[in-house]
Amino acid sequence: MYLEENMIEKKYFFIINPIAGNGRGLAAWKKIRKTLQEQGISYTHKYTFPNQESNQEMILNTVDENHIIVVLGGDGTINEILNILIDYHLQNSLSYIACGSGNDFAKAISLPSNPLKAWKYIHHQATIKKICVGKVKINDTERYFLNNVGIGFDARIVYSANHSKLKMLLNKIHLGALVYASFFLKALIIQKFFPTLFKNDGTSIQKYKKTFLCTITNHPFFGGGVKLVPEASVFNQSIDAIILEKSTKLGFLINFLRTILPLKNPSNSKNWHHQYGKEFKITINSHQPIHIDGEASIIDLDTVSFDTITFPFLA
């Protein structure tokens with residue numbers, strides 16, 4: 001017997017990070033759970049663990065092939081769940097209710113910022129789309145990303161923010177997006193320029209002697225809603241790279257502001273570079289800060305490679 005699509009009951013598996021956004025993940029879940037119970041919607045739910053191994057076990061022991069997985073958390077949470085699904089070859093459709101600090105990915109796919117409105121949109125209006133997912137290989141480790149990978153200046157900001165008490169404080173008063181701006185000046189002073197060799201799709205090769213910021217992005221936003229590449233989209237099978245070289249601190253600051261604000265196009269500057277394609281390879285050979293979807297570290301970087309895949313997303 002033929003059933004209309006809207007007559008088929010959806011099976012939801014909610015994965016909640018209760019500490020995302022200083023508790024906003026748990027608060028959002030309580031409201032959504034009440035709605036689910038009032039409407040008689042069938043669901044399964046689990047809370048995340050502090051370590052990835054436990055989250056892998058939790059997902060593998062709970063998920064079935066018909067589940068639509070809805071993640072409540074920040075960009076770091078959705079990144080971890082995505083990587084688990086890909087690593088274990090699970091093709092469940094994924095969706096997202098943003099409860100973190102920056103929530104750039106929710107902006108990129110135009111999901112409502114209000115958790116209840118986001119849930120109503122997901123349940124009643126969203127459709128399954130193939131989105132672009134970036135893949136980065138750092139030394140010998142592969143990881144997937146939905147937002148961006150930053151090397152240099154922006155990663156320095158993220159690293160400082162993640163290791164500060166200010167992030168928790170700003171999240172508590174719902175100003176989490178400001179945390180990155182708070183460490184802008186510190187990163188400007190501390191970060192040093194470094195040489196990079198940039199290969200685009202295996203053909204075009206460019207040398208940048210004084211790289212200060214190198215961001216590879218899957219969509220327009222970074223740093224809590226700043227538009228870095230307005231024309232980028234997760235629905236295109238390509239990624240974009242912005243490389244800013246440093247002449248003086250003032251010169252870099254002017255070019256950076258031109259990049260993120262609707263001012264004069266920075267492409268006229270010899271220190272501003274935009275690359276786009278499906279595959280990048282960046283040779284660095286130095287000790288640098290790097291972040292993947294907001295999870296930052298400072299490590300020795302040799303060659304960092306980028307590629308793309310597609311993944312089903314309910315948006």
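**Strand pairing and a buried valine**

Modeller: This is a predicted model. In it, strand E7 (residues 148-152) and strand E14 (residues 280-292) run antiparallel and are joined by 3 bridges.

Biologist: Which residue in E14 does Val149 stand opposite?
Modeller: Val149 stands opposite Ile292 in E14.

Biologist: And how many bridges join strand E8 to E14?
Modeller: Strand E8 (residues 194-200) is joined to E14 by 4 bridges, and the two run antiparallel. Within that pairing, Leu197 has Thr283 of E14 as its bridge partner.

Biologist: Over how many bridges do E14 and E15 pair?
Modeller: E14 and E15 pair over 11 bridges, in the antiparallel sense. Thr283 stands opposite Thr303 in E15. The two strands form a hairpin with 2 residues between them, where Asp293 takes a positive phi near 50°.

Biologist: Changing topic, where is Val304 found?
Modeller: Val304 is found in strand E15, which covers residues 295-314.

Biologist: Is Val304 buried or exposed, and why?
Modeller: Val304 counts as buried because its relative accessibility is 0%, and the cut-off for buried is under 20%.

Biologist: What is Val304 in contact with, leaving aside neighbours within four places in sequence?
Modeller: Its contacts there are Val136, Lys137, Ile138, Ile151, Phe280, Lys281, Ile282 and Ile284.

Biologist: How far apart are Val304 and Asp140 in sequence and in space?
Modeller: Val304 and Asp140 are 164 residues apart in sequence, and their C-alpha atoms are 9.4 Å apart in space.

Conventions
Residues are numbered from 1 along each chain as its sequence is written. This is a predicted model: local features need pLDDT of at least 70, side-chain atom pairs count only at pLDDT 80 or more; totals for chains, interfaces and linings use all residues. Side-chain values use heavy atoms; hydrogens and water are left out. Buried means under 20% relative accessible area, exposed over 50%, partly exposed in between (1.4 Å probe, protein chains only). Contact means heavy atoms within 4.5 Å. Two strands pair if DSSP finds at least two bridges between them.
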